[in-house]
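Let's take a look at how side chains pair up in this protein. Have the structure open and follow along.

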Amino acid sequence: MNSRAIVYSSFHLWNIAADGAQRAREIKATSPKACTADTIGAILLAAMSTEAFINELGTHLLLLELSPELPEIERWTSVGTLLEQLEKEKAQIKTKYLWVSQILPGCPLTKGKPPFQDFSRLIDMRNDIVHPRALEKEPKYLQDFSQRRWLYNNPEDEPKLAGWLFQLETPEIAAWACRAALAIITDFVERFKNDPHPLIAALHSKMHFQWGNVSNDPRVVS
């Protein structure tokens with residue numbers, strides 16, 4: 001496998017999402033009553049970046065199998081093998097993150113707690129948008145966003161803007177989607193930081209150089 005022929009897209013996808021969050025903020029500043037359609041793109045692309053990242057991580061780790069020092073890093077290449085198998089079995093993205101977190105250093109991800117909680121919600125939102133259907137009730141996550149006053153309408157507003165999708169079109173939710181993706185990705189990046197092996201240290205340095213530089217990105221501040 002030639003690493004120079006491989007294109008990695010997760011960071012690019014996240015940056016497009018962050019650009020959408022910034023546009024949403026700028027539109028709202030100019031037209032306070034506007035829905036920010038860029039939010040929908042930010043949600044989709046932020047979710048896509050997390051899927052791209054975990055798949056790319058598997059590729060990074062499988063490439064380590066080309067090293068003559070394979071026995072010293074077998075614990076890492078085994079993660080790449082697992083991710084490859086999960087991809088072949090068409091495992092859900094949440095499953096990939098949960099399972100791999102059990103093997104990598106650090107605490108396993110926990111449902112209902114950060115960073116998995118927001119990541120899980122982001123994926124649910126992505127699925128609701130990509131697989132639309134007629135709904136009798138609004139998605140449950142709208143209640144939480146309403147309490148934070150991030151929806152288009154505040155709870156006391158009348159009349160309500162029709163449709164749950166329109167309610168999501170705010171700059172606050174666009175920025176949140178980017179932060180949710182960034183949190184789960186950086187959680188995984190930092191699981192590599194304490195291994196002294198030069199190959200793993202180099203991989204961590206490469207990933208941290210990208211994702212660490214956007215940890216306080218002004219495009220996605222709350």
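## Salt bridges

There are 10 salt bridges in the structure, which is a predicted model. Take R23 and D38: their side chains meet in one of these, at 3.1 Å from N to O. R23 belongs to helix α1 (residues 10-30) and D38 to helix α2 (residues 38-63), so this pair ties together parts 15 residues apart in sequence. R23 is partly exposed, at 38% relative accessibility, and D38 is partly exposed too, at 21%.

Next up, E87 and K96 form a salt bridge at 2.3 Å, N to O.

## Aromatic pairs

Now for the rings: searching the whole structure turns up 10 aromatic pairs. In one, the ring centres of Y97 and F119 are 4.8 Å apart and the planes sit at 55 degrees, so the pair is tilted. Y97 is in helix α4 (residues 93-103) and F119 in helix α5 (residues 116-130), so the pair ties together parts 22 residues apart in sequence. Both Y97 and F119 are buried.

Elsewhere, ring pairs join F11, W14, F53 and W211 into a cluster.

## Charges over rings

R75 has its charged end over the ring of W76, 5.1 Å from the centre. Likewise, R191 lies over the face of F188, 5.2 Å from the ring centre.

Definitions and conventions
Residues are numbered from 1 along each chain as its sequence is written. This is a predicted model: local features need pLDDT of at least 70, side-chain atom pairs count only at pLDDT 80 or more; totals for chains, interfaces and linings use all residues. Side-chain values use heavy atoms; hydrogens and water are left out. Rings of Phe, Tyr and Trp (its six-membered ring) pair if their centres lie within 6.5 Å; planes under 30 degrees apart count as stacked, over 60 as edge-to-face and the rest as tilted. Helices (H or I, at least four residues) and strands (E, at least two) are DSSP runs, numbered from the N terminus. Buried means under 20% relative accessible area, exposed over 50%, partly exposed in between (1.4 Å probe, protein chains only). A charge sits over a ring if NZ of Lys or CZ of Arg is within 6 Å of the ring centre and within 35 degrees of the ring normal. A salt bridge is a side-chain nitrogen of Lys or Arg within 4 Å of a carboxyl oxygen of Asp or Glu.
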